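Biologist: Could you take me through this model feature by feature, giving the general idea each time and then the case at hand?

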Amino acid sequence: MEHASSSPSLVDFTFIPALLGACGTGAILFVGGVTPTTLALSATQVVLAAGLGFWQLRRAQARHAERAADQAVSQSPASGRDEALEALCVAVLPVWSEQIEAARAHTEQEIVSLTSRFAELADRIHSVAGADHGGGDRLVNLMASSQNQLDGILHSLREALSSKGALLDEVNGLAGLTEQLKSMAKDVGDVARQTNLLALNAAIEAARAGEAGRGFAVVADEVRKLSTLSGDTGQKIGETVETVNGAIARTLELSQLHAERDTGTLNQSGETIEQVIGAFGGTTRDVVERSDALADNAAAVGGAIAEVLVALQFQDRVSQMLGHIRDDQARLERLVIDRRALAASGQPLPTLDTRGWLAELARTYTMAEQVAVHHGKRPAAAAAESDITFF
Amino acid sequence: MSNKTILIVDDSISIRQVVSMTLKSAGYDVIEGCDGRDALTKLDGRKVHLIISDVNMPNMDGITFVTAAKKLPAYRFTPVIMLTTESDAAKKAAGQAAGAKAWMVKPFQPAQMLAAVSKLIMP
């Protein structure tokens, strides 16, 4: 609304006090007559009336100036200004900016904290997975090595048992030789008996020859003694061979008994070792499977954490977008304050360049999605891969 | 791959953390700067095999930092990857003119980051 008003004049504001002053002077002179006292009073009255009029004039001029300034600051259809809205903007824009900054700072703080925790988790998982890496293989190798060593021991024991069998075969062969010895001892006895008979016949023939056969009789007697001695020796040989043969037989019997027992023990040991290795192998396979599953899970969790960390990069983008809004609000606040000051000082307000303002805002954007939103488009979905350009 | 040092420059702590974790998981040593000015003080003549820098940062932006770093004899041939939300062609051209070897737009994928680092890092 525009108020047409003229500046207050000297006549407007001095006429009534001057008139009242003149009436008062007339009344004093009429009542008191023309005396020096009444003349002095009348003069004083006129001066006071004139002063009052002048004071009123200055006051009215001041009021007029204030009203004119108010009219310039208040609603003006020509400039489209609204003082109340400006006041609201000046009051609320800094609050909005503070709130946006607080939200931005809070988000940043929390995201930094989250990122740190996820990074720590990723480190731990990486170190655990790295420490366990190859543990399953080492266990499997240890088991295979243990089995080989135990199989080696069994093989050595079987070889030892086999050698023992060969030895027993040799001893058994000796038993065959003793039979031959027995036969030979019997032959010696037979030869001795034949020799004894021959010596006896020779003695008879020597006796028949008389004195001429006396010497031959002595020889025949000696031969008979020797044959008797040979027969005794052959018998002793037979008895000794029989004794050796018995000893060999007992040795063979005991050895075979031990060999059977050793074979049983060896077989039992082999079975036990196989059972132990089998059980150990089963447990090892379980452990390895669990270890592999843990490693797979750790890798999956590590991958998921990496994805979370990548996703948390949104904070940087959000922070920049909020920062731009905050800065533009501050720019708007400064504009409102500047225009108020111009209006208050009675200077003409420059035309608002809305397009220029938006263009200036657009120049501050750093992201394609900000530009898209600025032009009323939906921001494109985040790409699966980073946009990278090599120069 | 070990004993290679990479300088990360970004004003976002969370981005520095993610980049740092990605690089450390691949065996790289990492030093960090929170803006261009801070990064220049962190360089301080030490051996750096690659630089990964943001563009928009307070105090000193990434393009200015890379330009300044490339003027230092020790970092004249140090490869630089710009890691930023910016995808504007003019900005990319400015990065290339400053001496960057690659321009990567956030958010980045760790595998791609490691592939780019492996491709560009000094022997």
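**Reading the model of chain A**

Modeller: Read along the sequence, chain A runs α-α-α-α-α-α-α-α-β, and its secondary structure comes to eight helices and one strand; here helices (H or I, at least four residues) and strands (E, at least two) are DSSP runs, numbered from the N terminus. This is a predicted model, in which local features need pLDDT of at least 70 and side-chain atom pairs count only at pLDDT 80 or more, while totals for chains, interfaces and linings use all residues. Residues are numbered from 1 along each chain as its sequence is written, chains are lettered from A and ligands numbered from 1 in the order in which they are written, and side-chain values use heavy atoms, with hydrogens and water left out.

Biologist: How much of chain A counts as buried, and what is its accessible surface?

Modeller: Buried means under 20% relative accessible area, exposed means over 50%, and partly exposed lies in between (1.4 Å probe, protein chains only). By that rule 22% of the 391 residues of chain A count as buried. Accessible areas come from the Shrake-Rupley method with a 1.4 Å probe, and for residues only the protein chains shown count as cover. The accessible surface of chain A comes to about 26,200 Å², and 62% of that belongs to carbon and sulfur atoms.

Biologist: What share of the contacts in chain A comes from residues 24 or more positions apart?

Modeller: A contact means heavy atoms within 4.5 Å. Among the contacts in chain A with a separation of 6 or more, residues 24 or more positions apart account for 79%. For a separate look at distance along the chain, take A:Ala304 and A:Ala122, which are 182 residues apart in sequence and whose C-alpha atoms are separated by 9.5 Å. A:Ala304 has its place in helix H5 of chain A and is partly exposed, with a relative accessible area of 38%.

Biologist: Which residues does A:Ser97 contact, leaving aside its neighbours within four places in sequence?

Modeller: A:Ser97 is in contact with A:Arg326, A:Gln329 and A:Ala330 once those neighbours are set aside. A:Ser97 is found in helix H3 (residues 83–132) of chain A, and because its relative accessible area is 10%, A:Ser97 counts as buried.

Biologist: How many salt bridges are there over all chains, and which side chain does A:Glu101 meet in one?

Modeller: A salt bridge is a side-chain nitrogen of Lys or Arg within 4 Å of a carboxyl oxygen of Asp or Glu, and by this rule the count over all chains comes to 24. The side chains of A:Glu101 and A:Arg326 meet in such a bridge, at 2.3 Å from N to O. This pair links distant parts of the chain, with A:Glu101 in helix H3 and A:Arg326 in helix H6 (residues 314–344) of chain A, 225 residues apart. A:Glu101 is partly exposed at 23% relative accessibility, and A:Arg326 is partly exposed at 23%.

Biologist: What about bridges within one helix?

Modeller: A:Arg104 forms a salt bridge with A:Glu108, the closest N and O atoms being 2.9 Å apart; both lie in helix H3 of chain A, four residues apart, about one turn of the helix, and both are buried. The side chains of A:Asp221 and A:Arg224 meet at 3.0 Å, N to O, in another salt bridge, and because these two are three residues apart in helix H5 of chain A, they are separated by about one helical turn. A:Asp221 is partly exposed at 27% relative accessibility, and A:Arg224 is partly exposed with a relative accessible area of 31%. Elsewhere, salt bridges that share partners join A:Glu101, A:Arg104, A:Glu108, A:Arg326 and A:Asp327 into one network.

Biologist: Which residues of chain B does A:Asp316 touch?

Modeller: Not counting residues up to four places away in sequence, A:Asp316 touches B:Ser12, B:Ile15, B:Thr85 and B:Lys106. A:Asp316 is found in helix H6 of chain A and is buried, with a relative accessible area of 4%.

Biologist: Which residues form the nonpolar patch on the surface?

Modeller: Patches are made of residues with over 30% relative accessible area and no salt bridge, like charges being joined within 9 Å and nonpolar side chains (Val, Leu, Ile, Met, Phe, Trp, Tyr) within 5 Å. A:Leu197, A:Leu200 and A:Ile204 form a nonpolar patch with about 270 Å² of accessible area together. A:Ile204 is found in helix H4 (residues 135–209) of chain A and is partly exposed at 41% relative accessibility.
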